Amino acid sequence: MPAIVLVGAQWGDEGKGKATDLLGRDVDYVVKFNGGNNAGHTIVIDDEKYALHLLPSGILSPDCTPVIGNGVVVDLEVLFEELDALQARGVDTSRLLVSASAHIIPPYNRVLDKVNERFLGKRKIGTTGRGIGPTYADKMSRTGIRVQDLFDEHILLQKVEAALGFKNQVLSKIYNRRAIDVDEVMAELLRHADRLRPMVADTSLVLEQALNDGKNVLLEAGQATLLDVDHGTYPFVTSSSATAGGACTGSGIPPTRVSTVIAILKAYSTRVGEGPFPTELDDDNGEFLRKAGHEYGTTTGRPRRCGWLDTVVGRYATRINGTTDFVITKLDVLTGLEKVPVCVAYDVEGVRHDEMPVNQSDFHHAKPVYEELEGWWEDISGCRTFEELPEAAQRYVLRVEELIGARVSAIGVGPGRDEIISRFPLLGD
Ligand code: GDP
Ligand code: IMO
Ligand code: MG
């Protein structure tokens, strides 16, 4: 049986959480493979709204085992806060598995994330301030703390001392901040060790056995293609591999097991934090999208930057992820516009680019080339088949499908769990 990968096609917040939750009802495992509590997924079930950060969205499906893969960075405080909050609302969280090889976000990296940003001044990235970047940097520098280290206090102390030996120099001598005490860090890390222990597993092995037993495994990305550390708008990216390739390294499932790659594409574009964004709108249209789409960050509450759909980005997401199926979300938000512009190419100082410019400076200077599609006025939130959509909305989807180069298998028409049109089955027939 296959593994299925689900990624964001743009700059995040496309509605991955809702799509994962939808598929979570039909899969046996949902694995989060990258990122940490920088993610924010809102899921609406009946009248209940859930905001998940660190936990895989599959946690809300009773028959599904949620897994935090080795590619994730785990803030223990956040993990248990989220678990407690869900348990208080009657959600059974007992099946959660956490990879023994996932890295922990130690308290000093939360501090460093914030002071690094302040130090960068107007060159800042606009991070979520959760310690994500410094923790992935430690992982690559081989000075990180892993989940398994919590269960060997001697080793843990050695690692924390080694990390703080360097970081305290940076904090005190470069940033003029108070040095962090080893004992405080040890106490925070060990506080949750006993509660965590029963959840910890060799998740790569568990998933291989599940696949061998014919189970369905969904690999869920945090962030998105253009925030990927390799393929995104570097340096204005997150510090992990958010594209389909990252699903394998971040879970321990080999590429030969993956049959389907689903990319989630919002019917317009948004971005949180700094960095280039060719179709960004600073006018009434941008405000319209922000209001109609409720575009405020789930994690930080920041207003999201809004713009028209960029199909150069969509095509890039098809190429980089090997996308087999798209889910277009939030089509309902475009209702009420006379014309809906869609970016089909860029103009960079008089030269047309049909693909993402390889040079980052060109991308910064890219001016969108728009094609104007006809809008629609009808409320589409009740539509459940493609044919029920107004003709102009159907034409919008079909034209986007042509431009991005992979089939659109589902269309979101509202935030609710069932506000979706299924065109082609995402999990095979
Ligand atoms: P994620 O980070 O990709 O999971 O996305 P977020 O949860 O941060 O942002 C997506 C927002 O759009 C959430 O508030 C969802 O409830 C909402 N949403 C998802 N799909 C749709 C849709 O088809 N229509 C509308 N109106 N809202 C949607
Ligand atoms: P989901 O999973 C949107 C952005 C931050 C910042 C950059 C780096 O909900 O789609 P970081 O804290 O990761 O070092 O910040 O990445 N960012 C997101 N933007 N959605 C997200 O997650 C994001 N996670 C990080 O705003 O620009
Ligand atoms: Mg989000």
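Predicted model: local features only at pLDDT ≥ 70, side-chain atom pairs only at ≥ 80, totals over all residues.
Residues are numbered from 1 along each chain, chains are lettered from A and ligands numbered from 1 as written, and side-chain values use heavy atoms without hydrogens or water.

The magnesium ion (ligand 3) has D13 (OD) and G40 (O) as its protein donors, lying 2.0 Å from the ion; donors are N, O and S atoms within 2.8 Å of the metal (3.2 Å for Na, K and Ca), and water is not among the atoms, so sites may look incomplete. D13 belongs to the loop between β1 (3-8) and α1 (16-24), and G40 to the loop between β2 (29-32) and β3 (41-45), 27 residues apart. Both D13 and G40 are buried (under 20% relative accessible area, 1.4 Å probe, protein chains only).

Around ligand 2 there are 20 residues, of which K16, N38, T128, Q223 and T238 come nearest (a heavy atom within 4 Å counts as near). Polar contacts are pairs of N or O atoms within 3.5 Å. The side chain of T238 places an N or O atom 2.6 Å from an oxygen atom of ligand 2, and a polar side-chain atom of R302 lies 3.0 Å from an oxygen atom of this ligand.

Ligand 1 is surrounded by 19 residues, the closest being K16, G40, H41, T42 and D332. An oxygen atom of ligand 1 lies 2.6 Å from a polar side-chain atom of H41, and a polar backbone atom of T42 is 2.7 Å from an oxygen atom of ligand 1.

Definitions and conventions
Helix = DSSP H or I, 4+ residues; strand = E, 2+ residues; numbered from the N terminus. Buried < 20%, exposed > 50% of the residue type's maximum accessible area, 1.4 Å probe, protein only. Polar contact = N/O pair within 3.5 Å; in protein donor to acceptor, adjacent residues only side chain to side chain.
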